[in-house]
Amino acid sequence: MVALNSAVVLIVEDEPLIRFNVLDVLEEVGHVALEAANADEAMVVLKGRQDVDILFTDVNMAGTMDGIQLAKRVRAMRPNIGIIITSGMVRLDPMALPANTAFLPKPYMHDALISTIDSLMT
């Protein structure tokens, strides 16, 4: 599979094996993948990079905020960024999410992630 549009994607995942796997998959299809182990690291990356198109964040992680709080903060800072929230523990109603936000339940197929990124980029 090849991405329809190349995107800069910030992956926020506290589980290193999952984070590295997603990073590899996204780079293979033509995206630029950045990584952060928690929301605090993600905020540092976002402050230094104005070119991030998509935030892909897990919900449950250590740090001062979870993925939902991170998504809300990022939405307030950058209204145009696409946000994908994922979790194996929490189920979010896709209809309750703000515009340009998607929920991808774990476990997810890589094709589903790539398709979701593509849909948020159009």
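Let's start with Gly-82, which is found in strand 4 (residues 82-87). This is a predicted model, where local features need pLDDT of at least 70, side-chain atom pairs count only at pLDDT 80 or more, and totals for chains, interfaces and linings use all residues. Residues are numbered from 1 along each chain as its sequence is written, and side-chain values use heavy atoms, with hydrogens and water left out. Helices (H or I, at least four residues) and strands (E, at least two) are DSSP runs, numbered from the N terminus.

**Around Gly-82**
- Gly-82 counts as buried because its relative accessibility is 2% (buried means under 20% relative accessible area, with a 1.4 Å probe and protein chains only).
- Not counting residues up to four places away in sequence, Gly-82 touches Asp-53, Ile-54, Leu-55, Asn-100 and Leu-120 (contact means heavy atoms within 4.5 Å).
- Met-121 lies 39 residues from Gly-82 along the chain, and their C-alpha atoms are separated by 7.3 Å.

**Helix 2 and helix 3**
- Helix 2 (residues 39-48) packs against helix 3 (residues 67-77) at an angle of about 15 degrees, with the axes 11 Å apart (axes are lines fitted to C-alpha atoms over the stretch in contact, and angles run from 0 to 180 degrees between N-to-C directions).
- Ala-39, Ala-42, Met-43 and Leu-46 of helix 2 meet Leu-70, Arg-73, Val-74 and Met-77 of helix 3.

**Helix 1 and helix 4**
- Helix 1 (residues 16-28) and helix 4 (residues 110-121) pack at about 60 degrees, their axes 11 Å apart.
- That angle makes helix 1 oblique to helix 4.

How values were computed: Angles under 35 degrees count as roughly parallel, over 145 as roughly antiparallel, 65 to 115 as roughly perpendicular and the rest as oblique. Buried means under 20% relative accessible area, exposed over 50%, partly exposed in between (1.4 Å probe, protein chains only).
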